[in-house]
Amino acid sequence: RSPGSSRPGPMPDCGMPAPPRSPIRVTAISLRRRPDRWRACEDHLRGLLGDGFDMFEGTDAKAAAGDDSTAVDRVAALEAATGCTVYRGWPITEVRDVRRCYTSLSPQLSDAEAWMSYERKVAAAWRSDRSRLYLDFFLRHLTLGDVGAALSHLRVAERGHAEGLSLQVVFEDDVRPSAEALPALLRQVQLLREAGVAWDLIYLHSAKYSRAAEPPAHPASSLLVAGHRKVCDAYAL
């Protein structure tokens, strides 16, 4: 049981019993400073699963970063509070880097305007059919929320690995799975297990970015081998 999580009850019978030493866990990630979202998520899952899930307190990066005036100070405070290191090796990671590299930009531009100018300059150097996806994936300005979400999901995965879970299902607090969602997932997991198909992550919801077709994971399965997909608000490990 990690700090900030509530102890899960027994997993309900969804058609696939958990191995005795490697249970299944359903976890929802939420922030304590958003009790409305926490409560709404908890109420929905309790209606589906009874006590067969746990609420996990996510990493509140905004609170950890404090109210220092500069981005550099806030990132340093975040690292100190969470024990993480934010990678700084990219040529351009902050607005100040944009202003340093593109000296022709007017100093009167706001930070947002300077960053958008940078994106437009990079987009002009790419083929039009590739620049949008490249910009969206690689040049989006990292936020404290992004860092907090990444750390929260990592903590859930590390906890599940340390406890030897057979299956860890993860929801963010705005996800509302249907009554059929988990039984359908468990049927697919059982099918893959019986077919000897190895897997590490199953998206329950995602956005497809690649153009290539995605082959089936197995002829009898409705799952596909994911290409370039994003969004991790509902998945299984």
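I began with strand S3 (residues 167-172), where five of the six residues are buried, so I noted the strand as mostly covered. Buried means under 20% relative accessible area, exposed over 50%, and partly exposed in between, with a 1.4 Å probe and protein chains only. Helices (H or I, at least four residues) and strands (E, at least two) are DSSP runs, numbered from the N terminus.

The model is predicted: local features need pLDDT of at least 70, side-chain atom pairs count only at pLDDT 80 or more, and totals for chains, interfaces and linings use all residues. Residues are numbered from 1 along each chain as its sequence is written, and side-chain values use heavy atoms, with hydrogens and water left out.

**The sheet**

Next I looked up which strands pair, a pair being two strands with at least two bridges found by DSSP between them. I found an open sheet of five strands in the order S2-S1-S3-S5-S4, with mixed pairing. Strand S2 (54-57) and strand S4 (202-208) are at the edges with a single partner strand each, so one side of each has no neighbour in the sheet. From one strand to the next the twist averages 35°; axes are lines fitted to C-alpha atoms, for helices over the stretch in contact, and angles run from 0 to 180 degrees between N-to-C directions.

I then went through the pairs. Strand S1 (residues 24-30) pairs with S2 in the parallel sense over four bridges, and Ala28 stands opposite Met55 in S2. S1 also pairs with S3 in the parallel sense, over six bridges. There the bridge partner of Ala28 is Phe171 in S3. S3 and strand S5 (residues 229-236) run antiparallel and are joined by three bridges, with Val170 opposite Tyr235 in S5.

**Helix H5**

I checked the length of helix H5 (residues 111-124). Its 14 residues should span 20 Å at 1.5 Å a residue, and the end C-alpha atoms are 20 Å apart, which agrees. The expected span is 1.5 Å times one less than the number of residues. In H5 I listed Ala114, Trp115, Ser117, Tyr118, Glu119 and Val122 as buried.

**The second largest pocket**

A pocket is an open set of points on a 1 Å grid over the protein atoms alone, where a 1.4 Å probe fits, with protein on both sides within 12 Å along at least five of seven lines; lining residues have an atom within 4 Å of a point. I noted 23 lining residues for the second largest pocket, with Leu201, Ile202, Tyr203, Leu223 and Leu224 nearest its centre. Helix H8 (181-195) and S4 are the elements that give two or more residues to this lining. H8 gives the largest share, six residues.
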